[in-house]
Structures are given as structure tokens and as C-alpha cells.
Amino acid sequence: LKVVKTKVAEDQLKEIGEKISSLPNGKKFFRKSQKLFKERLEMIQDGSALDWAMAELLAYGSLLKEGYDVRLSGQDVERGTFSHRHAVLTLEDSEEEYIPLSNIAERQGNFYIYNSLLSEYAVLGFEYGYAMAAPHTLTIWEAQFGDFNNGAQIIIDQFLSAAEDKWHIMN
């Protein structure tokens, strides 16, 4: 059994947090987005308790900084189910999008995020295949609510839960 160190130094997390909580100058963001990102930056700088969204984004950011790709799909994942994530921001005066997690370092992993249709069976099946083809990518399908999981139950039963036993394939 190989032990993998997953610890990230506090100063690195702070650096990542500051990068993903700072909006670029010269671009017009909605006031609500500006307020949210200001609060996130303060959270990082003063070392107060992190909320769920910040912890999640720091986890993705630490992998990206190490050079791993992160892929996230699901209904409304760009904004986040309850508006917690805000991984993609649209500028107020154009359709231009800004993705903070794609702006951590010059050399970093790729961050892919896709709002998907509500066909859980199809989306989870695709993401399972994607994860097989890209094993060094963190591939996540987010079911917005628990009952959406029901539509993907066949994929979960036949592939996620049973593939290792059936075909000796890990994913």
C-alpha cells in the first residue's frame, strides 16, 4: 500500500485563496460578485473560519497548482447549487467569463467546468468514461439534489459500485 501525502502547507493555501478571491482590475463585475469575492479575500487574509465554498475551491486549487486537471459537471455547477461556488463569473457589460481557478499560476492544471443537462444517466455515464480515459484528472459529477441521483442509479450499480469486481478495473 502506497501512502500518499495530501497535506498542503498553510502558506500555499493562503496564496491559492488570495488568487481565487481577487478579481482582475479593469473588468466590470456585478456588485454582488464583488462583495462575495471581497468577503472571501477577507476570510483568507484574516484567517477566520472558512466556509464550505472556500474549502472546496481551495481543494480544487491545490490540485490545479500541483498540475492536476479538475473536471466538474452537473446542473448549475458553475454557480453552485445554492450559489455557493461562483466558479465562473460573467462580466456585467459583456458575455465574457472569468474563471478564478484557471488563474492560479502560469503553469497549472486545467480546470474544466460544465453546466450539464438534467439527464443524469447520460452525464454520469459520460463522466465515468472520461475518468477512465483521464485517470490523473479529478473528475466529479455533482448531483444537485439527492433525488437526481435516481436517474443515474444504473450507472452507479453497474459501473461505479461493481466495475472493480466485474472487470478488475478501478476508476
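The structure is a predicted model, in which local features need pLDDT of at least 70 and side-chain atom pairs count only at pLDDT 80 or more, while totals for chains, interfaces and linings use all residues. Residues are numbered from 1 along each chain as its sequence is written, and side-chain values use heavy atoms, with hydrogens and water left out.

Rolling a probe the size of a water molecule over the atoms shows where empty space is left. A pocket is here an open set of points, on a 1 Å grid over the protein atoms alone, where a 1.4 Å probe fits and where protein lies on both sides within 12 Å along at least five of seven lines; its lining residues have an atom within 4 Å of a point. The largest pocket holds about 330 Å³ of space, a volume being the space filled by probe spheres set on the points, which are joined across faces, edges and corners. Its lining consists of 14 residues, and Thr6, Leu63, Glu66, Tyr68 and Leu138 are the closest to the pocket centre. Two or more lining residues are given by helix H3 (52-65) and by strand S5 (137-141), where helices (H or I, at least four residues) and strands (E, at least two) are DSSP runs numbered from the N terminus. By class, this lining has seven nonpolar, four polar and three charged residues; Ala, Val, Leu, Ile, Met, Phe, Trp, Tyr, Cys and Pro count as nonpolar, Asp, Glu, Lys and Arg as charged, and the others, Gly among them, as polar.

The second largest pocket has a volume of about 220 Å³. Of the 13 residues that line the second largest pocket, Glu127, Tyr128, Ala131, Thr139 and Asn171 lie nearest its centre. Helix H4 (120-133) and S5 each give two or more residues to this lining, and the largest share, five residues, comes from H4. Nine of the lining residues are nonpolar, three are polar and one is charged.

Side chains of opposite charge can pair when their charged atoms come close. Eight salt bridges are counted, each being a side-chain nitrogen of Lys or Arg within 4 Å of a carboxyl oxygen of Asp or Glu. Arg71 forms a salt bridge with Glu127, with the closest N and O atoms 2.6 Å apart. Arg71 lies in strand S1 (residues 69-74) and Glu127 in helix H4, so this pair ties together parts that are 56 residues apart in sequence. Arg71 and Glu127 are both buried, where buried means under 20% relative accessible area, exposed over 50% and partly exposed in between (1.4 Å probe, protein chains only). In another salt bridge, between Glu15 and Lys65, the closest N and O atoms are 2.7 Å apart; Glu15 is in helix H1 (residues 10-20) and Lys65 in helix H3, 50 residues apart.
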